[in-house]
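Please look over the structure below before reading the notes. They are arranged by topic and can be checked against the display.

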Amino acid sequence: MDLSTRPDRQDAAAREVADVVIHVCETCRSGQEAADAPRDGALLAERAMALAAEGVEIRSVACLANCKRALSASIQSADGWSYVFGDLGTDAANDLLEGARLLAGSTDGLMPWKGRPESLKRGMIARIPPLNPILPNVEGQTS
């Protein structure tokens, strides 16, 4: 399989980056699907893509290397923290979009705990700091 033509392998500079990006592992297996059926990770990716939201980009990726806690996804902010989730079901697409909405609306770069869907509370694997530090501005708000 030639992965160079896949959207997640193309030159990122050629695309405009959304406020928040959800990466869904399309190769995840839940163990519930038949051997000849589409992988549950691919089903979750399709369901998330069908729920397109302004400012949120959904990307289907080949592997998030979180196989022991599949299904996996990450939510990444251009100006804040990034999150990796596991133990998701194929019905978690709405939860991922809600998590992205919460992260996009955050003033401190962190996804608020309050209002976060249960699957994103239970399934959090890691929280990764932003590349650029979030510094408080003059009024005490973060920028």
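The largest nonpolar core has 25 residues, and helix H2 (93–104) gives the largest share, six residues.

**Confidence**

- Residues 1–5 have a pLDDT below 50, and this stretch makes four contacts in the model beyond near neighbours in sequence.
- Residues 9–15 also stay under 50, with eight contacts beyond four places in sequence.
- Where pLDDT is low, the predicted coordinates should not be read in detail.

**The nonpolar core**

- In soluble globular proteins, nonpolar side chains tend to be buried together.
- Which residues have the most contacts inside the largest core? They are Ile22, Val24, Leu44, Ile75, Leu88 and Leu96.
- Two or more residues of this core come from each of strand E1 (20–25), helix H1 (40–50), strand E2 (56–61), strand E3, strand E4 (82–85) and helix H2 (93–104).
- Ile75 belongs to strand E3, which spans residues 73–77.
- Ile75 counts as buried because its relative accessibility is 0%, and the cut-off for buried is under 20%.
- The C-alpha atom of Ile75 lies 9.6 Å from that of Met111, although the two residues are 36 places apart along the chain.
- Leu88 is another of the core residues with the most contacts. Leaving aside residues up to four places away in sequence, Leu88 touches Leu44, Ala70, Leu71, Ser72, Ala73, Leu96, Ser119 and Leu120.

**Helix H1**

- The buried residues in H1 include Asp40, Gly41, Leu44, Ala45 and Ala48.
- Why do the buried residues of H1 line one face of the helix? Seen down the helix axis, they fall within an arc of 145°, so they line one face.
- Glu46 and Ala50, on the other side of H1, are exposed.
- E1, E2 and H2 are among the elements that cover the buried residues of H1.

**Strands E1 and E2**

- E1 and E2 pair in the parallel sense, over six bridges.
- Val20 has Val56 in E2 as its bridge partner.
- E2 is mostly covered, with six of its six residues buried.
- On one side of E2 are Val56, Ile58 and Ser60, and on the other are Glu57, Arg59 and Val61; all are buried, and both faces of the strand are covered.
- In a regular strand the side chains alternate between the two faces of the sheet.

- A hairpin of four residues joins E3 to E4.
- E3 and E4 pair in the antiparallel sense over four bridges.
- Within E4, Ser82 stands opposite Gln76.
- Are Ser82, Tyr83, Val84 and Phe85 of E4 buried or exposed? All are buried: Ser82 and Val84 point one way from the strand, and Tyr83 and Phe85 point the other way.
- E4 also pairs with strand E5 (residues 124–128), in the antiparallel sense and over four bridges.
- Ile128 in E5 is the bridge partner of Ser82.

Definitions and conventions:
Residues are numbered from 1 along each chain as its sequence is written. This is a predicted model: local features need pLDDT of at least 70, side-chain atom pairs count only at pLDDT 80 or more; totals for chains, interfaces and linings use all residues. Side-chain values use heavy atoms; hydrogens and water are left out. Buried means under 20% relative accessible area, exposed over 50%, partly exposed in between (1.4 Å probe, protein chains only). A nonpolar core is a set of buried Ala, Val, Leu, Ile, Met, Phe, Trp, Tyr and Cys residues joined through side-chain atoms within 4.5 Å. Contact means heavy atoms within 4.5 Å. The arc is that of the directions from the helix axis to the C-beta atoms. Two strands pair if DSSP finds at least two bridges between them. pLDDT is the predictor's confidence in each residue, from 0 to 100.
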